[in-house]
Amino acid sequence: MNIIVKKNADEVSKEGANIFIEEINKKPNIVLCLATGSTPQGLYKELIKANKNNEVNFKRVKSFNLDNYIGLEKNDINNYDYYMREKLFNHINIDKENWLVPFVNEENYETYCKEYDQLLEESGIDLLLLGIGENGHIAFNEPSDKFSVGTHIVDLDEKTRKANSRFFDSIEDVPKQAITMGIGSIMKAKKIVLLAIGEKKKEVIKKLLSAEKIDPQFPASILLAHRDVTIITEEALYDKN
Ligand code: F6R
């Protein structure tokens, strides 16, 4: 794992965005996989700026998303389809047909997960963006006895619901389930960039950087087995010891 330590959150976002811009410029029909939450928002702002300044072109870029809540309409402000439109896609020159955020309803769980996996498999992911949960989750792959391979429905960890309740009126409003790409699909991405910002991530980053074995109870540890992972974090979170 490659680790880049920057002075502050803004610099982390800029560094992450520069990797994206460089990779898109190298391969204009690149396939991305993107994350939501607080962490990538600065990076998305940088991508919007670069697109407006003609430093990067999204015309041929294709994009998937890691995960989404279940039970929220697409226009609910906490649905990740809405998030992606608001935070990125409405502000760059990506084609509507070229991005997809997973979205399921109770009737189509099984077929949807299979279809999503098939699309991921057919496209292949070149560059994948991750945040990390305080409990070590990546996408919504929560600590568990075993890793999941493909896209699946997950019961959200209470810690995750609590952490994400800041986006909702109350914790009761946080969905109990989500759809998430599996660890298998994440690991197939050619290149992975993980950003960690904010004091709350200090412990989990320390644990990840000192991890010696892969353990499904600490899902991010799987990244030890990937050959192109870059972790970008801020000085305040980085404990050299
Ligand atoms: C979101 C996702 C999650 C978040 C993680 C950190 O699409 O995949 O794994 O990256 O929960 O969230 P923030 O960035 O809000 O701290």
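Predicted model: local features only at pLDDT ≥ 70, side-chain atom pairs only at ≥ 80, totals over all residues.
Residues are numbered from 1 along each chain as its sequence is written, and side-chain values use heavy atoms, with hydrogens and water left out.

**Exercise 1. Find what caps the N-terminal end of α1, and check the span of this helix.**

Step 1: Helices are DSSP runs of H or I with at least four residues, numbered from the N terminus. Helix α1 covers residues 9-26.

Step 2: The expected span is 1.5 Å times one less than the number of residues. With 18 residues, α1 reaches 26 Å from its first C-alpha to its last, close to the expected 26 Å.

Step 3: Look at Asn 8, the cap: one of its side-chain oxygens lies 3.2 Å from the backbone nitrogen of Asp 10.

**Exercise 2. Which residues of α3 are buried?**

Step 1: Buried means under 20% relative accessible area (1.4 Å probe, protein chains only).

Step 2: In α3, residues 80-87, the buried ones are Tyr 80, Asp 81, Tyr 83, Met 84 and Arg 85.

Step 3: Their cover includes α2 and α5 (158-164).

**Exercise 3. Which residues touch the most other members of the largest nonpolar core?**

Step 1: Such a core joins buried Ala, Val, Leu, Ile, Met, Phe, Trp, Tyr and Cys residues through side-chain atoms within 4.5 Å.

Step 2: Among its 74 residues, the answer is Leu 128 and Leu 194. Helix α1 gives the largest share, 6 residues.

Key: Helix = DSSP H or I, 4+ residues; strand = E, 2+ residues; numbered from the N terminus. Polar contact = N/O pair within 3.5 Å; in protein donor to acceptor, adjacent residues only side chain to side chain. Buried < 20%, exposed > 50% of the residue type's maximum accessible area, 1.4 Å probe, protein only. Contact = heavy atoms within 4.5 Å.
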